[in-house]
Amino acid sequence: MTDFTLFEFNNTETELIFGEVFGWSAGILCFSILVPQIVHTWKVKSTDDLSIGFLILNEICTLLYVFYGLIIGSSSIVVCDFIIFLLNTSLIISKVILDKRKIQGNNTFQAKDIEMALQETKYMNPNKSKI
């Protein structure tokens with residue numbers, strides 16, 4: 001079996017450094033891709049354009065990459081893909097919650113929801129003064 005190498009390095013340490021630099025760069029870019037989607041989802045409170053199939057496959061893929069990174073001992077793969085896993089999980093949770101609200105016909109928080117939450121908090125801790 002022949003190894004595929006794009007570059008020939010004379011020093012193994014140099015090869016490892018270049019590999020980690022490219023690994024961290026790619027990882028940071030990959031999880032940065034999800035940040036605008038999360039911000040957009042938070043602002044518009046809608047996940048209609050997100051595919052649950054894509055999110056689940058992405059979740060499985062990043063978990064496999066975390067395990068792969070652990071096997072080969074690459075901190076850049078483990079850390080970056082774990083962050084991607086967490087960001088993707090937040091999108092899945094948002095999708096489930098917002099889709100459930102949409103089905104129930106309550107897509108946004110209303111004043112009565114906030115009022116009810118405040119009353120529940122007051123009853124949970126009766127020593128607090130009234131708001």
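Leaving out residues up to four places away in sequence, Ile92 touches Ile52, Leu55, Ile56 and Glu59, where contact means heavy atoms within 4.5 Å.

Before going on, some housekeeping. This is a predicted model, so local features need pLDDT of at least 70 and side-chain atom pairs count only at pLDDT 80 or more, while totals for chains, interfaces and linings use all residues. Residues are numbered from 1 along each chain as its sequence is written, and side-chain values use heavy atoms, with hydrogens and water left out.

**The whole chain**

Zoom out and switch to a cartoon view. You'll find four helices and zero strands, in the order α-α-α-α along the sequence. Helices here are DSSP runs of H or I with at least four residues, strands are runs of E with at least two, and both are numbered from the N terminus. Of the 131 residues, 20% count as buried; buried means under 20% relative accessible area, exposed means over 50%, and partly exposed is in between, using a 1.4 Å probe and protein chains only. Among contacts between residues at least 6 apart in sequence, 68% join residues at least 24 apart.

**The core**

Now select Phe31, Leu34, Leu50, Leu55, Cys80, Ile84, Leu87, Leu91 and Ile92, which make up the largest nonpolar core. A nonpolar core is a set of buried Ala, Val, Leu, Ile, Met, Phe, Trp, Tyr and Cys residues joined through side-chain atoms within 4.5 Å. Which elements give two or more residues to this core? They are α1 (12–44) and α3 (75–104), and the largest share, five residues, comes from α3.

Stay in α3 and pick out Leu91, which lies in that helix. Leu91 counts as buried because its relative accessibility is 1%. Show its surroundings and, not counting residues up to four places away in sequence, you'll see Leu91 touching Leu34, Gln37, Ile38, Thr41, Leu50 and Leu55.

**α1 against α3**

Next, colour α1 and α3. Two packed helices are described by the angle between their axes and the distance between the axes. The axes of α1 and α3 come within 9 Å and cross at roughly 10°, which makes α1 roughly parallel to α3. Axes are lines fitted to C-alpha atoms, for helices over the stretch in contact, and angles run from 0 to 180 degrees between N-to-C directions. Angles under 35 degrees count as roughly parallel, over 145 as roughly antiparallel, 65 to 115 as roughly perpendicular, and the rest as oblique.

The crossing of α1 past α3 is left-handed, meaning the near helix is turned anticlockwise from the far one by less than a right angle (clockwise would be right-handed). To see who takes part, select residues including Trp24, Phe31 and Leu34 of α1 and Val79, Ile83 and Leu87 of α3. The contact divides into 14 nonpolar residues, nine polar and one charged. In that count Ala, Val, Leu, Ile, Met, Phe, Trp, Tyr, Cys and Pro are nonpolar, Asp, Glu, Lys and Arg are charged, and the others, Gly among them, are polar.

**The loop between α1 and α2**

Last stop: the loop. Select Lys45, which sits between α1 and α2. Its phi is near 55°, a positive value in a residue other than glycine. At 26% relative accessibility, Lys45 counts as partly exposed.

Is Thr47 buried or exposed? It counts as buried, at 2% relative accessibility. Setting aside neighbours within four places in sequence, Thr47 is in contact with Thr41, Ser94, Lys95, Leu98 and Asp99.

Asp48, also in the loop, is partly exposed at 45%. Asp48 touches Lys95, Asp99 and Lys102, not counting residues up to four places away in sequence. From Asp48 to Lys95 is 8.0 Å, C-alpha to C-alpha, across 47 residues of sequence.

Finish on Asp49 in the loop, which is exposed with a relative accessible area of 79%.
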